[in-house]
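User: Hi! I am new to reading protein structures. Could you walk me through one, step by step?

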Amino acid sequence: MYHVELLPGSSSHPTPGWTYVADRGFDPAKAAITPAIGRKRGIRDPGRADISSRQNNAIVRHLAELDRENHRDIQIPVPVKQQKDAAGRGTRGKVTSNVRRILQSQKTFRNYLDDEEAALAQAAAATTTQSASQRAIANRVTKHQPSSHRSSTPATPKPESTAKQQRKKSTASALSRASTIPPPETPSESTEQQPPQSGTETESDEQKQTEQPDDQLIKSEHDDDPLLRSYIPSAPSQRIMQALLAEPPLTYNASRAGPPITTPSSNRQFCCFLVCDDVLND
Amino acid sequence: MGTAKPRPPGRASIAKVQSLPEKTFIIDNGAHTMKAGYAPDSLSSEEGTGTLSACSTIPNALVKTRANRTYIGSQLNTQVTDWNELMFRRPVEKGYIVNWEAQKEIWEHSFFDEKSVRSKNLQITNPDETTLLLTEAPNALPALQKNADEIVMEEWGFGGYLRSIGPALNAWNEIQSLFGDPIPENSRLTASPTECLLVIDSGYSHTMVTPVYNGQPLQRGIRRLDIGGKHLTNYLKEVVSVRQYNMVDETYIMNEVKEAVCFVSNDFAKDMERTWKGNRKRGQPEPGEGITVDYVLPDPNAAKKGFMRPHEPLMNAKKGKSAISGASAEALSEDALVLGNERFVIPEVLFTPRDIGMKQAGIPDMVLQSLSVLPTGLHPAFLANVLVVGGNALLPGFMDRLETELRQAASAECVVRVRRPEDPIRFTWLGASRLATNKDELQKYAITRQEYQEHGSSWAGRKFSGAMQL
């Protein structure tokens with residue numbers, strides 16, 4: 001299977017449908033400073049010095065292999081219908097030009113995605129990278145909110161400070177404030193571990209009752225210790241939720257999950273899988 | 001048909017007069033199977049079982065056999081007897097309908113052509129008297145959405161139409177009873193969405209995390225891992241082909257093998273150790289005891305299906321002996337795959353994509369990434385309501401592993417509850433059918449044929465994206 005890779009060049013021209021990329025080929029200046037580890041191997045086989053990129057290619061190829069529908073490339077044409085086609089159409093009227101165009105299109109998802117990317121790149125050069133596009137959307141949201149509403153911004157929540165501010169208020173006022181906000185919350189097993197929430201009057205009454213015993217806990221000077229306090233953030237206001245709901249969808253590439261947050265202690269190594277062939281060879 | 005001709009807004013008020021057709025046909029158009037059927041007229045009192053009988057699961061593919069014959073959709077289950085070297089053409093790529101030529105053929109065959117439609121429950125006789133509710137995967141490309149709208153309205157001319165994000169429809173189900181929460185009184189009479197639900201949809205082409213608030217997706221929190229059932233099957237195929245028989249052309253059979261034997265390990269290192277053949281020499285019991293199984297491959301000549309059975313270490317020796325003593329040909333012709341660590345190493349990539357070199361996070365990490373862009377106040381609510389749908393949820397051990405890892409990763413104050421519906425594959429369809437019983441809500445989101453003819457497809461796209469509400 002052939003494989004076309006688009007290299008980020010300095011003079012690329014993204015346009016819908018095609019992309020021009022400058023191919024600058026082998027760069028001897030860069031090859032000269034390849035790492036000195038494994039010098040001997042480098043002498044024997046200079047083309048293989050760049051192990052990481054070779055591994056990378058192997059992985060990309062393997063992933064593409066896993067993404068395939070069939071092992072071989074084959075065409076399965078739609079079975080031809082016998083003259084009945086025209087009769088079946090009768091009630092439905094003519095085929096519109098849109099329908100004809102769509103049915104005849106043999107574009108793959110990759111084609112559509114490339115078109116989309118090129119169109120986006122053209123529309124705004126700044127929003128091509130994933131981080132930039134996410135930031136742009138985040139900015140849009142914060143713009144929706146009035147500046148007076150600073151208890152919890154969705155983009156950059158600062159739990160510590162807001163928590164302190166809120167806890168200094170009496171629980172009663174906190175509850176009354178909460179009851180004006182329709183809750184983003186379903187009932188769950190332990191109500192006291194949930195953020196203040198209530199939908200109907202009866203529900204909020206129940207809440208108050210369950211919250212009452214909390215006030216009668218034995219007081220100690222460590223109550224305000226930020227390390228010991230269990231922090232439950234309050235539910236965001238209806239206005240924030242509306243702003244969040246009104247956001248446009250992320251682009252296909254922006255919605256891809258990023259690298260793991262919790263970094264593992266070490267990468268697992270398997271010796272028997274195809275991906276690692278290169279590791280063994282080198 | 002007036003696609004690019006938005007009329008002046010004065011006309012819109014006339015269009016509003018027309019209401020949606022009574023009947024709603026729902027297609028949850030997955031990459032592997034379509035889940036389709038008519039929605040009931042009202043909420044049934046019993047738990048969805050009655051409603052689900054209206055929903056059929058139809059393979060969404062054109063299939064070509066060894067004998068070079070092509071079969072469409074449901075014919076795969078009824079007419080194909082030789083599953084060796086089946087080739088598939090799927091109109092849905094990466095969860096999105098890409099090839100409408102093939103998709104139209106399968107829809108025609110499954111829903112419109114009275115000769116081939118399997119039952120009356122699936123036949124759409126008058127599209128103009130039917131509302132179509134079509135699901136789509138989140139973050140779809142606008143060009144593909146436009147194609148779908150144009151085909152649905154201009155080729156078949158449905159009387160009403162709603163294109164909706166699949167995972168979000170799950171919120172309309174009876175989530176409370178699934179999580180063991182009290183059911184609000186008002187939801188018994190009319191269907192309403194649950195407030196906070198974190199849907200993990202692990203399907204054929206990818207795994208998606210979608211935070212759903214009041215039935216609407218929170219777009220910024222939607223995350224996708226590009227691993228689905230297809231990748232697991234292909235991976236298993238590859239590993240088996242390297243270690244045992246060449247199975248690279250046997251996608252269908254290896255999918256059956258995967259469904260029969262694969263499970264998600266709760267202790268990966270320990271299970272690896274248990275299946276390590278190097279342990280054999282140390283005088284321990286046979287390695288892989290309890291994990292290693294045989295899968296007897298199907299035999300199309302004898303019309304026998306494949307099946308799993310406990311591993312017999314001396315199988316080959318026995319075979320040799322019986323060949324000498326002249327045993328039945330049946331036992332001799334039988335081919336079996338021995339599956340040891342393959343059983344749990346394959347599904348493991350859903351949780352550790354690094355194992356195949358992918359730089360994406362596993363499912364539990366992806367949930368945290370999704371939550372990290374949402375207000376912290378929502379985290380407890382979402383973590384307490386994690387719903388898993390899609391075929392991969394049926395892997396044994398999947399739910400335990402997910403709940404364990406989420407519990408470890410989540411903040412200690414949050415309750416973590418992970419649930420799977422009885423039928424994770426048709427649950428989205430079921431949610432959609434409950435939405436369809438609530439005509440007022442449906443009216444809010446859907447468009448009528450008349451509106452489409454007035455305003456065109458780009459208007460429809462804006463309407464479905466929610467840009468015009470509120």
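User: What is the mean pLDDT of chain A?

Analyst: First, pLDDT is the predictor's confidence in each residue, from 0 to 100. Where pLDDT is low, the predicted coordinates should not be read in detail. The mean for chain A is 61, with 36% of its residues at 70 or more. Helices here are DSSP runs of H or I with at least four residues, strands are runs of E with at least two, and both are numbered from the N terminus.

User: Over which residues of chain A does pLDDT stay under 50?

Analyst: One such stretch is residues 27-38 of chain A, with 3 contacts beyond four places in sequence. Two residues are in contact if their C-beta atoms, placed from the backbone, lie within 7 Å. Residues 138-214 of chain A are also below 50, and this stretch has 111 contacts beyond near neighbours in sequence.

User: How many residues of chain B are in contact with chain A?

Analyst: The model has 78 residues of chain B in contact with 70 of chain A. On the chain B side, α5(B) gives the most, 7 residues.

User: Into which domains is chain B divided?

Analyst: Domain bounds come from an automatic or database domain assignment. Chain B has domain 1 (9-168 + 424-464), domain 2 (174-227 + 359-420) and domain 3 (230-346). The centres of domains 1 and 2 of chain B, taken over C-alpha atoms, are 25 Å apart. Between them, 21 residues of domain 1 of chain B touch 23 of domain 2 of chain B. α18(B) provides the largest share of that domain 1 side, 5 residues.

User: How many residues of α9(B) are buried?

Analyst: A residue is buried if 20 or more other C-beta atoms, placed from the backbone, lie within 10 Å of its own, exposed if 12 or fewer, and partly exposed in between. In α9(B), 12 of the 15 residues are buried, including B:Leu232, B:Tyr235 and B:Val239.

Methods. Residues are numbered from 1 along each chain as its sequence is written. Chains are lettered from A and ligands numbered from 1 in the order in which they are written. This is a predicted model: local features need pLDDT of at least 70, side-chain atom pairs count only at pLDDT 80 or more; totals for chains, interfaces and linings use all residues.
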